[in-house]
Amino acid sequence: MPELPEVETIKRQLDVVLKGLRIERVKVINPKCFQGDQKQIEGQKVKKVSRRAKITFIELENGLYLAIHLKLTGQLIFRKKEEKEQKFCDQKEGPFAVCELPNKFTRVIIRFDKGNLFYNDLRMFGWIKIVKSLEEVGGEKLGPEAIDEKEFSFDYLKKVLAKTSRPVKIIIMDQQKIAGIGNIYANEALFKAGILPSRSSSSLKGLEIKKLRESIISVLKEAIEKKGTSDKDEAFRQITGEKGSFQNCLMVYGKAGEDCPGCKGKIKRISLGGRGTFFCEECQN
Ligand SMILES: [Zn+2]
């Protein structure tokens, strides 16, 4: 599922291509994926594109937003009108390749004056909603952004962890406490910080908390630079249709049984809170 780095990648790319473009028509192919009256946004120009946690917001001149959550398999692919459809196509890439658009997973098409934005979603858990504010899609309940170094401060993290003895991995993935960290980056940040995912949150000491915070921020920033992670299913795509590349930089996520990059041990996998959890018993305490 796209996490903060993937959605940030989409947001940055959409902001560049959509700013100033006018929505001509919204074609809803699957009503399950779209909420709102498209007449309210047709004819509107895009002011900017922003992000909160895993939700992308396309802000329009009339004050309305298109809020988009990609959930498990959502994709936002933009094609300029003059662009050749086959630019980033590799048939070997499977169901998430975007060789021709629209394809059988295209659920909504937003036609702009200078191009088309295709919302594809194989499993259809994602959505697009017309909203007046962030709060309408649960924004008020979210914790600080994990890459906001000011709000996601050492003191804040220390306070959050001190309150509970639940496993630290579960706590850093709780969106109401810290926004944007999902399973991939929780595993990676804990490995980098040398902390076992199952450790009781309140048992973490000052230096460990400092290391954990720094690891979360640096892992997320590096993943943004690498344009996100296209996990094994390769569902995640940049707006061009290309994959991200942080999957080539993963240290432990998805690597059970492989050699640990930090020692001679093997990476283990357990289930924690129902999610695959990867770690090295030697390198993490
Ligand atoms: Zn190790």
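User: Is Cys33 buried or exposed?

Analyst: Buried means under 20% relative accessible area, exposed means over 50%, and partly exposed lies in between (1.4 Å probe, protein chains only). Cys33 has 0% relative accessibility, so Cys33 counts as buried. This is a predicted model, in which local features need pLDDT of at least 70 and side-chain atom pairs count only at pLDDT 80 or more, while totals for chains, interfaces and linings use all residues. Residues are numbered from 1 along each chain as its sequence is written, and side-chain values use heavy atoms, with hydrogens and water left out.

User: How many disulfides are there?

Analyst: A disulfide is a covalent bond between the sulfur atoms of two cysteines. The criterion is a pair of cysteine sulfur atoms within 2.5 Å. By this rule the count is zero.

User: Which residues coordinate the zinc ion?

Analyst: Donors are N, O and S atoms within 2.8 Å of the metal (3.2 Å for Na, K and Ca); water is not among the atoms, so sites may look incomplete. Here the SG atoms of Cys260, Cys263, Cys280 and Cys283 coordinate the zinc ion at 2.2 to 2.4 Å. Along the chain, the donors have the spacing C-x2-C-x16-C-x2-C. Cys260 is buried at a relative accessible area of 5%, and Cys263 is partly exposed at 24%.

User: What arrangement do the four donor atoms around the zinc ion make?

Analyst: Ideal angles at a metal are 109.5 degrees for four tetrahedral donors, and 90 or 180 degrees for six octahedral ones. Four donors count as tetrahedral if all angles lie between 85 and 135 degrees; four count as square planar and six as octahedral if opposite donors are over 155 degrees apart and all others between 65 and 115; anything else is irregular. The angles at this zinc ion run from 101 to 116°, so the arrangement is tetrahedral.

User: How many salt bridges does a search of the whole structure find?

Analyst: A salt bridge is a side-chain nitrogen of Lys or Arg within 4 Å of a carboxyl oxygen of Asp or Glu. The search finds 16. One of them joins Glu8 and Lys11 at 3.7 Å, N to O. Helices (H or I, at least four residues) and strands (E, at least two) are DSSP runs, numbered from the N terminus. Glu8 and Lys11 are three residues apart in helix α1 (residues 4-18), so about one helical turn separates them. Glu8 is buried, at 7% relative accessibility.

User: Where in the chain are Glu145 and Arg52?

Analyst: Glu145 and Arg52 meet in a salt bridge at 2.8 Å, N to O. The pair links distant parts of the chain, 93 residues apart: Glu145 is in the loop between β9 (127-131) and α2 (154-162), and Arg52 is in strand β3. Both Glu145 and Arg52 are buried. They also belong to a network of salt bridges that links Glu8, Lys11, Arg12, Arg51, Arg52 and Glu145.

User: What about the salt bridge of Glu59 and Lys47?

Analyst: The side chains of Glu59 and Lys47 meet at 3.6 Å, N to O. This pair also links distant parts of the chain, with Glu59 in strand β4 (residues 55-60) and Lys47 in strand β3, 12 residues apart. Glu59 is buried at 11% relative accessibility, whereas Lys47 is partly exposed at 47%.
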